[in-house]
Amino acid sequence: MAAVFVLEPIFEADLQPEQYAYRPDRSALDAVRHVHKLINTGHGEIVDADLSTYFDSLPHSGLLKSVARRVVDGAMLHLIKMWLEAPVEETDELGNKRRSTRNRDEGRDTPQGSPISPLLSNLYMRRFVLGWKKLGHESRLKAHIVNADDLVICCRGRAEEALATMRDMMTRLKLTVNETKTRVCKLPEEKLDFLGYTFGQCYSPKTGHAYLGTVPSKKRVQRIRRAISEKTGRNKTLLDQETVIATLNRMMIGWTNYFCLGPVSKAYRAIERHARKRLRQWLCAKHKVRWPARKRFPEAGLHEVMGLVRLTARTRNVPWATP
């Protein structure tokens with residue numbers, strides 16, 4: 001971890017503004033806002049790219065060259081090389097431990113869970129982002145990269161050419177494009193899922209006018225609903241009421257802190273209804289009350305008395321939200 005504190009400021013100065021992942025004072029929401037701005041300024045053809053096992057594919061030779069551009073201390077370079085080549089110990093389903101030296105043998109991969117891995121991954125991705133601009137692809141194709149955990153290239157037309165160029169550059173960098181998940185998406189005819197948001201055609205509830213915007217993706221709504229169900233299962237009835245409600249509130253508030261862009265009210269209502277239903281079911285099971293027990297556990301009681309958070313009240317304070 002001490003090495004990260006030393007190296008991060010050095011490499012942070014070199015990382016490109018299009019890179020949002022694992023960086024101080026930058027977030028996935030910033031990347032979402034960047035894509036939103038691009039698609040509303042005419043960049044409606046999107047290369048939605050997926051790199052197969054990116055962290056596992058990083059070539060040590062190219063990565064160490066990138067590090068050596070800014071770090072000349074031999075001891076630090078040797079330490080990073082040792083990290084990259086360190087054996088990995090894995091435990092199978094039977095509890096048997098096995099040590100793998102694949103990293104050293106194949107000359108690729110970064111140590112899983114290591115604090116330095118995100119920094120090294122950003123440093124290598126910088127080669128692609130910087131090369132895209134220096135080789136003139138950004139200006140020639142009017143194609144702008146946005147990279148967080150996901151990678152998209154927002155184009156003002158010529159997205160197919162941008163995709164082919166991206167494939168060629170990734171091959172040169174010894175990275176593999178996942179062809180089954182990589183595609184060209186054309187807005188507004190199609191929709192794009194990026195960092196948990198769905199970009200596509202939205203409609204103003206006041207005027208009915210169409211516009212290109214974002215909503216929380218259906219997959220992310222379904223995921224939080226499943227998480228709520230897991231925390232209110234029958235196997236949780238021995239927990240006290242305050243603990244269960246506090247857990248639900250933390251989950252839902254954390255979810256809405258990220259999913260706060262665009263018309264979020266529909267998603268908030270769906271999650272809030274599901275949380276009420278599951279909490280009421282849990283209370284019935286805990287107190288052995290016949291379902292649905294709406295009189296025993298009314299909506300107002302769940303929120304005002306027991307303290308279950310009202311997500312719909314939060315839409316008044318978030319940007320782009322519509323009731």
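Colleague: What is the basis of the model and its numbering?

Modeller: The model is predicted, so local features need pLDDT of at least 70 and side-chain atom pairs count only at pLDDT 80 or more, while totals for chains, interfaces and linings use all residues. Residues are numbered from 1 along each chain as its sequence is written, and side-chain values use heavy atoms, with hydrogens and water left out.

Colleague: What makes β1 and β6 paired strands?

Modeller: Strands are DSSP runs of E of at least two residues, and helices are runs of H or I of at least four, both numbered from the N terminus. Two strands pair if DSSP finds at least two bridges between them. Strand β1 (residues 45–49) and β6 have four bridges and pair in the antiparallel sense, and therefore meet that criterion. Aspartate 48 stands opposite arginine 183 in β6, and glutamate 45 stands opposite lysine 186 in β6.

Colleague: How many bridges join β1 to β5?

Modeller: Five bridges join these antiparallel strands, and alanine 49 stands opposite leucine 151 in β5.

Colleague: Why is β1 called largely enclosed?

Modeller: Buried means under 20% relative accessible area, exposed over 50%, and partly exposed in between, with a 1.4 Å probe and protein chains only. Four of the five residues of β1 are buried, so the strand is largely enclosed by the rest of the structure.

Colleague: Why are α10 and α12 called roughly parallel?

Modeller: Axes are lines fitted to C-alpha atoms, for helices over the stretch in contact, and angles run from 0 to 180 degrees between N-to-C directions. Angles under 35 degrees count as roughly parallel, over 145 as roughly antiparallel, 65 to 115 as roughly perpendicular, and the rest as oblique. Helix α10 (residues 218–231) and helix α12 (residues 265–287) pack at about 15°, with their axes 10 Å apart; they are therefore roughly parallel to each other.

Colleague: Which residues of α10 and α12 meet?

Modeller: Contact means heavy atoms within 4.5 Å. Among those that meet are Val221, Ile224 and Ile228 in α10, and Ala267, Ile271 and His274 in α12.
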